[in-house]
Amino acid sequence: MIISLSAALALALQSAPVAAPPASGAETQSAPIASLDELPIEQATGPRCAIAFAVVSRWQKSDDPRGADYADLEADGGREFFVQAMAVLMDATGMTREQVSALTFYEVGQLDNPDGEQRLAAMMPACLLLKQSAGL
């Protein structure tokens, strides 16, 4: 069954709350965000998938069986997707590398646990489509 990218993203990321768009003329965040849930889904999707790739890649590197169901994300563009997604996040929000790093560690903690593993598994098909559509 073929699912369009936008439909797959909507299904996989439906648990992500949609934040209100920034006020007109406001292109950057005035304060760092603590969670991707604070961003509109359009800004949160790439970083959310990038973080999912990082978690799975870490599992794969440590021979954790949770990473066995996925292609090698290190060799298959996961790292490049992560770098690009975080650069876009920094440009869109005005966050610093340190702020993005803190956000990433928080989000990894949300996925690298039994409840988060289910969310990650639900997200991965759409995230892999997103990575593929980015040419990675």
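## Lining of the largest pocket

In this predicted model, helices α2, α3 (78–93) and α4 (97–111) each supply at least two residues of the lining of the largest pocket. Helices are DSSP runs of H or I with at least four residues, and strands are runs of E with at least two, numbered from the N terminus. The largest share of the lining, seven residues, comes from α3. A pocket is an open set of points on a 1 Å grid over the protein atoms alone, where a 1.4 Å probe fits and protein lies on both sides within 12 Å along at least five of seven lines; lining residues have an atom within 4 Å of a point.

The volume of the largest pocket is about 510 Å³, a volume being the space filled by probe spheres set on the points, with grid points joined across faces, edges and corners. Its lining has 21 residues, of which Ala-54, Arg-79, Phe-82, Met-86 and Thr-104 are the closest to the pocket centre. By class, 12 lining residues are nonpolar, four are polar and five are charged. Here Ala, Val, Leu, Ile, Met, Phe, Trp, Tyr, Cys and Pro count as nonpolar, Asp, Glu, Lys and Arg as charged, and the others, Gly among them, as polar.

## Basis of the values

Residues are numbered from 1 along each chain as its sequence is written, and side-chain values use heavy atoms, with hydrogens and water left out. Local features need pLDDT of at least 70 and side-chain atom pairs count only at pLDDT 80 or more, whereas totals for chains, interfaces and linings use all residues.

## Overall fold

The protein has five helices and zero strands, and its elements run α-α-α-α-α from the N terminus on. Of its 136 residues, 38% are buried. Buried means under 20% relative accessible area, exposed means over 50%, and partly exposed lies in between (1.4 Å probe, protein chains only).

Among contacts between residues at least 6 apart in sequence, 68% join residues at least 24 apart. A contact means heavy atoms within 4.5 Å.

The structure holds one disulfide, defined as a pair of cysteine sulfur atoms within 2.5 Å. The disulfide joins Cys-49 to Cys-127, with an S to S distance of 2.0 Å. Cys-49 lies in helix α2 and Cys-127 in helix α5 (residues 114–133), so the pair ties together parts that are 78 residues apart in sequence. The link is left-handed, with -75° about the S-S bond, and both cysteines are buried.

Ala-52 is in helix α2, which spans residues 41–61, and counts as buried because its relative accessibility is 0%. Not counting residues up to four places away in sequence, Ala-52 touches Leu-111, Leu-120, Met-123 and Met-124.

Leaving aside neighbours within four places in sequence, Met-124 is in contact with Ala-52, Phe-53, Val-56, Tyr-70 and Leu-73. Gly-109, found in helix α4, is partly exposed, with a relative accessible area of 38%. Gly-109 and Val-55 are 54 residues apart in sequence and 9.4 Å apart in space, C-alpha to C-alpha.

## Polar contacts and loop residues

Arg-48 is placed in helix α2 and is buried, with a relative accessible area of 5%. Its side chain makes a polar contact of 3.2 Å with the side chain of Asp-37. A polar contact is a pair of N or O atoms within 3.5 Å; within protein, one must be able to donate a hydrogen and the other to accept it, and residues adjacent in sequence count only if both atoms are side-chain atoms.

Asn-113 lies in the loop between α4 and α5 and is partly exposed at 23% relative accessibility. The side chain of Asn-113 reaches the backbone oxygen of Gln-110 at 3.2 Å. In the loop between α2 and α3, Asp-63 counts as exposed, at 68% relative accessibility. Phi of Asp-63 is near 55°, a positive value in a residue other than glycine.
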